[in-house]
Amino acid sequence: MRTSSTIRTRRTVKRAGNGAAKRTTRAAAFLAAGALALSLTACGGDDDGGDKDGQGGGGKDPAATVTLPKLDGENLEVAAVWTGAEQENFKQVLAEFEKRTGAKVTFVPAQDPIINFLGSKVAGGAPPDVVMLPQPGAIEQAVDKGWAKPLGAEATKELSENYSQGWQDIGKVGGKQYGVYYKAANKSLIWYNAQVFENAGAAEPKTWDELLTTAQTVYDSGVTPFSVGGAEGWTLTDWFENVYLSQAGPEKYDQLAKHEIKWTDPSVKEALTTLAEVWGKKDYVAGGATGALQTDFPASVTQTFTGGDQPKAGMVYEGDFAQVNIAETEAEVGTDAKVFPFPAVGDTAPVVSGGDAAVILKDSKAAQALATWLASPDAAAIHAKLGGYLSPNKNLDASAYPNDVQRKIAEALVAAGDDFRFDMSDQAPQAFGGTPGKGEWKALQDFLKNPEDVAGTQQRLEADAAAAYGG
């Protein structure tokens with residue numbers, strides 16, 4: 001994450017060993033997009049506050065569901081690549097842990113790539129006690145390097161009581177539980193300026209063809225259809241993954257994620273050609289390709305919801321976490337800022353998920369207690385009411401979320417149980433799927449600049465993938 005108030009789920013590290021492939025495959029089922037679409041259709045305004053009794057918690061909160069030890073005098077460091085509102089909201093969760101236990105917790109800002117950051121900390125003899133790792137491969141690599149410590153009995157018990165088996169499994173390596181997936185993300189949403197749609201007479205699309213029709217309707221009303229945060233290549237990989245998953249299907253998605261098929265495959269050509277129908281359409285992207293490549297993710301969201309009825313764009317693609325950035329504007333989620341599921345390109349609409357897991361690097365009673373706390377509904381409720389957060393914790397009361405939009409997205413995620421798929425580039429080697437200016441990020445930024453070069457983009461993607469995957 002490069003700027004404030006953005007939830008970054010694209011920090012990618014190399015997956016390690018055959019166990020990684022097997023475990024990720026087990027967890028990588030297809031999230032039921034139909035249920036999500038139905039839920040979002042029912043979304044209303046921001047009429048329910050998230051500050052419910054017992055949700056904010058407190059050291060003596062009678063509604064507390066988790067028992068924590070007294071840790072007076074203990075000090076902990078927690079590292080994450082989070083800044084802005086995301087970091088500040090998480091600090092409120094840590095503050096409640098401090099209140100309940102007496103421990104002192106310090107947040108340590110990490111940098112991308114986070115495994116490199118941790119490597120320098122470990123080499124210097126000062127790793128954080130707990131780190132928030134953004135995908136399964138990160139956990140596996142931390143275990144392979146001997147950094148990560150297994151969860152103890154209390155944390156594992158809390159996790160098993162509150163999480164579906166699928167969310168538990170993606171935090172396991174070699175059958176041992178290492179990660180608590182504290183935060184999840186639904187990355188298959190398109191947010192839109194309700195006033196722009198109303199002025200244009202535009203409707204929420206359910207298919208890709210309908211999305212193109214909606215975009216043209218918005219364009220004809222005098223507003224650029226799309227805002228794209230192309231300065232950060234992860235947003236572009238997310239665009240690609242949604243198109244590819246829906247168009248090529250889950251089996252091909254899994255094969256490409258593991259580089260079992262090449263990026264020169266016809267399915268990739270088809271997905272890039274489809275993407276070019278938006279990226280390559282004249283005046284469909286705010287600022288054109290040059291402007292988009294200079295726009296970071298937070299700005300891509302805020303510019304969609306500022307400027308009255310003449311914002312820089314009518315729509316912006318990204319996950320539920322865009323609400324954190326919308327909150328920086330005067331727009332109200334559910335009324336001024338609305339959302340629809342990423343449209344079906346093929347037979348089924350896509351749903352791509354991501355997440356951040358708490359992993360212990362320095363085993364202690366205090367670190368184990370913090371992992372237990374983060375696996376509890378109590379911790380999730382504090383963060384949920386602040387917005388821009390989605391929890392896979394099935395025992396979190398959905399009333400903790402601050403608006404119906406977020407509530408319905410969360411309910412759909414939990415209702416999916418074990419059926420979800422992780423972001424493709426979060427499963428890739430770091431050099432290919434998670435490094436600024438290299439690999440997939442750079443290739444798709446170049447493609448945004450020149451969407452006619454489908455074949456050349458495929459060749460560059462395959463060359464970089466082959467080098468990164470080692471074959």
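Predicted model: local features only at pLDDT ≥ 70, side-chain atom pairs only at ≥ 80, totals over all residues.
Student: How many helices and strands does the protein chain have?
Tutor: The protein chain has 21 helices and eleven strands. Of its 471 residues, 60% count as buried.

Student: Why is tryptophan 82 called buried?
Tutor: Buried means under 20% relative accessible area. Tryptophan 82 has 1%, so the residue is buried. Its place is in the loop between strand S1 (75–80) and helix H3 (84–101).

Student: What makes the pair of tryptophan 82 and phenylalanine 90 edge-to-face?
Tutor: Two values are needed, because a pair of aromatic rings is described by the distance of the centres and the angle of the planes. Rings pair if their centres lie within 6.5 Å, and planes over 60 degrees apart count as edge-to-face. Here the centres of tryptophan 82 and phenylalanine 90 are 4.9 Å apart and the planes stand at 90 degrees, so the pair is edge-to-face. Both residues are buried.

Student: Why is the pair of phenylalanine 240 and tyrosine 244 called stacked?
Tutor: For stacked, the planes must be under 30 degrees apart. The planes of phenylalanine 240 and tyrosine 244 are at 25 degrees and the ring centres are 5.4 Å apart, so this pair is stacked. Both residues lie in helix H10 (residues 233–248), four residues apart, about one turn of the helix. In general, residues three or four places apart point the same way, because an α-helix has 3.6 residues a turn.

Student: How do you know that phenylalanine 240 is buried or exposed?
Tutor: The cut-off for buried is under 20%. Phenylalanine 240 has 1% relative accessibility, so it counts as buried. Tyrosine 244 also has 1% and therefore counts as buried.

Student: What makes lysine 183 a charge over the ring of tryptophan 82?
Tutor: One condition is a distance within 6 Å of the ring centre. The charged end of lysine 183 is 3.7 Å from the centre of that ring. Lysine 281 lies over the face of tyrosine 284, at 5.6 Å from the ring centre.

Student: What makes the approach of tryptophan 82 to glutamate 86 a polar contact?
Tutor: The limit for the pair of N or O atoms is 3.5 Å. The side chains of tryptophan 82 and glutamate 86 make their polar contact at 3.0 Å.

Student: How do you know that the span of helix H21 agrees with what it should be?
Tutor: Helix H21 (residues 454–469) has 16 residues, which at 1.5 Å a residue should span 22 Å. The end C-alpha atoms are 22 Å apart, so the two values agree.

Student: What is found at the start of H21, and what follows the helix?
Tutor: At the start, a side-chain oxygen of aspartate 453 reaches to within 3.0 Å of the backbone nitrogen of glycine 456. Glycine 470 follows H21, and its phi is positive, near 80 degrees.

Student: Which helices do the buried residues of H21 pack against?
Tutor: They pack against helix H12 (266–279), helix H19 (430–433) and helix H20 (439–449). Among the buried residues of H21 are Val454, Leu461 and Ala465.

Student: Why is glutamine 323 called buried?
Tutor: Its relative accessible area is 6%, and the cut-off is under 20%, so glutamine 323 is buried. Glutamine 323 lies in helix H15 (residues 322–326). The residues it touches include Trp191, Val333 and Asn403.

Note on methods
Residues numbered from 1 in each chain as written. Heavy atoms only, no water. Helix = DSSP H or I, 4+ residues; strand = E, 2+ residues; numbered from the N terminus. Expected span 1.5 Å × (residues − 1). Buried < 20%, exposed > 50% of the residue type's maximum accessible area, 1.4 Å probe, protein only. Contact = heavy atoms within 4.5 Å. Polar contact = N/O pair within 3.5 Å; in protein donor to acceptor, adjacent residues only side chain to side chain. Phe/Tyr/Trp six-rings, centres within 6.5 Å; stacked < 30°, edge-to-face > 60°. Lys NZ or Arg CZ within 6 Å of the ring centre and 35° of its normal.
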